[in-house]
Amino acid sequence: MSNPEISLPELRDTLISIALEAGRLITSATPSTTSSLTKKNTADLVTETDRAVESFISTKLKSLYPSFSFLGEETYQPGQNLGPEPTFVVDPIDGTTNFVHRWGYVSVSLGVAIDRVPVVGVVYNPFQGKLYHGVKGQGSYLRDQTVQTGEGERKLPLKPLEPLEGLDEALVAIEWGSDRSGANWKTKTDTWDNLGRAKSEGGAMVHSARALGSAALNLCAVAEGSIDAYWEGGCWAWDVCAGWVVLAEAGGVIVDGNPGTWEIPVDHRKYLAVKGATTGQKEFVEEFWGHVKGTMTYDH
């Protein structure tokens with residue numbers, strides 16, 4: 001890390017405070033009366049609340065850390081890249097479709113990347129009071145905001161690490177995303193079909209799959225150990241930066257969603273996240289890669 005004078009724990013504490021404030025803005029909004037807008041199609045939603053919350057977050061962060069860059073979903077401009085300088089990587093509402101439909105799997109995702117490496121992450125679900133946070137090299141934790149004492153904070157993962165078994169004993173998170181046509185969509189649907197199909201027909205026959213609607217919370221569920229893996233293509237750095245830290249500090253790994261590459265940048269847009277384990281992590285990744293049908297291609 002090129003900025004040793006930056007206190008990562010202080011950054012985390014600042015982001016926690018901002019996430020809690022942002023959460024109050026989200027829970028006080030009324031989705032049914034918030035104007036829902038679309039970006040590229042009817043599955044790619046943005047609300048006025050998304051924009052208001054990002055404006056609040058960016059204003060607060062820029063006043064506290066004027067030398068930091070800011071990469072946010074609602075203010076992103078095509079061609080804007082994540083640089084080596086300290087950067088806040090922010091999704092004000094990860095799970096906008098859930099928010100619009102009043103499904104409480106919604107989060108504020110606040111990350112910090114330095115030298116393009118995620119180093120601090122805070123993910124907060126204000127509807128459930130679950131706040132995840134992590135600092136590179138210092139572990140990650142789940143704080144229950146509904147509990148008023150220190151007993152509400154637990155280190156991740158939530159149970160001791162154990163061997164990771166094969167895909168046929170796994171619960172996997174997947175997402176549709178907003179691109180519903182073309183080669184990427186075919187790769188997703190063919191892969192989902194292969195993951196679920198019976199082994200007698202060449203499939204993995206995973207225990208089951210979940211499409212819950214928030215990349216950040218999916219990564220945190222893998223960090224918890226409640227979901228074994230999360231496979232996704234098409235999401236962005238702001239979707240995964242904060243959750244990346246939480247997962248990595250819980251012993252998990254994030255590798256290429258396409259087969260073969262173990263080390264990827266945070267803005268890679270194609271991800272396979274696997275929970276921490278005492279043994280079997282590498283074998284699990286390789287088995288999963290063997291069931292990916294096609295190649296996902298997403299521009300940065």
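A residue is called partly exposed when its relative accessible area lies between the limit for buried, under 20%, and the limit for exposed, over 50%. In the predicted model considered here, glutamate 162 falls into this middle class, because its relative accessibility is 35%. Its partner in a salt bridge is lysine 159, and the closest N and O atoms of the two residues are 3.3 Å apart. Lysine 159 is likewise partly exposed, with a relative accessible area of 44%.

Side chains of opposite charge can pair when their charged atoms come close. In this model the count of salt bridges comes to eleven, among them the pair formed by the side chains of glutamate 224 and lysine 130, for which the N to O distance is 3.3 Å. Because glutamate 224 lies in helix 5 (residues 215-224) and lysine 130 in strand 7 (residues 130-135), this pair ties together parts that are 94 residues apart in sequence. Glutamate 224 counts as buried, at 9% relative accessibility, whereas lysine 130 counts as partly exposed, at 26%.

A further salt bridge joins the side chains of aspartate 190 and lysine 186, with 2.9 Å from N to O. Both residues belong to helix 4 (residues 182-196), and because they are four residues apart in that helix, about one helical turn separates them. Aspartate 190 is partly exposed, with a relative accessible area of 28%, while lysine 186, with a value of 51%, is exposed.

Turning to annotated positions, an unreviewed UniProt entry lists Glu73, Asp91, Asp94 and Asp239 under "binding site". Although these residues span 167 residues in sequence, no two of their C-alpha atoms are more than 9.4 Å apart, and they therefore gather at one spot.

Two of the listed residues can be described in more detail. Aspartate 91 is part of strand 4 (residues 87-94) and counts as buried, at 1% relative accessibility. When its neighbours within four places in sequence are left aside, aspartate 91 is in contact with Glu73, Ser107, Val108, Ser109, Trp238 and Asp239. Leaving aside neighbours within four places in sequence, the contacts of aspartate 239 are with Asp91, Asp94, Ser109, Ala215 and Ala216.

Key
Residues are numbered from 1 along each chain as its sequence is written. This is a predicted model: local features need pLDDT of at least 70, side-chain atom pairs count only at pLDDT 80 or more; totals for chains, interfaces and linings use all residues. Side-chain values use heavy atoms; hydrogens and water are left out. A salt bridge is a side-chain nitrogen of Lys or Arg within 4 Å of a carboxyl oxygen of Asp or Glu. Helices (H or I, at least four residues) and strands (E, at least two) are DSSP runs, numbered from the N terminus. Buried means under 20% relative accessible area, exposed over 50%, partly exposed in between (1.4 Å probe, protein chains only). UniProt positions are given in the numbering used here, feature names are shortened, and annotations may be inferred rather than shown by experiment. Contact means heavy atoms within 4.5 Å.
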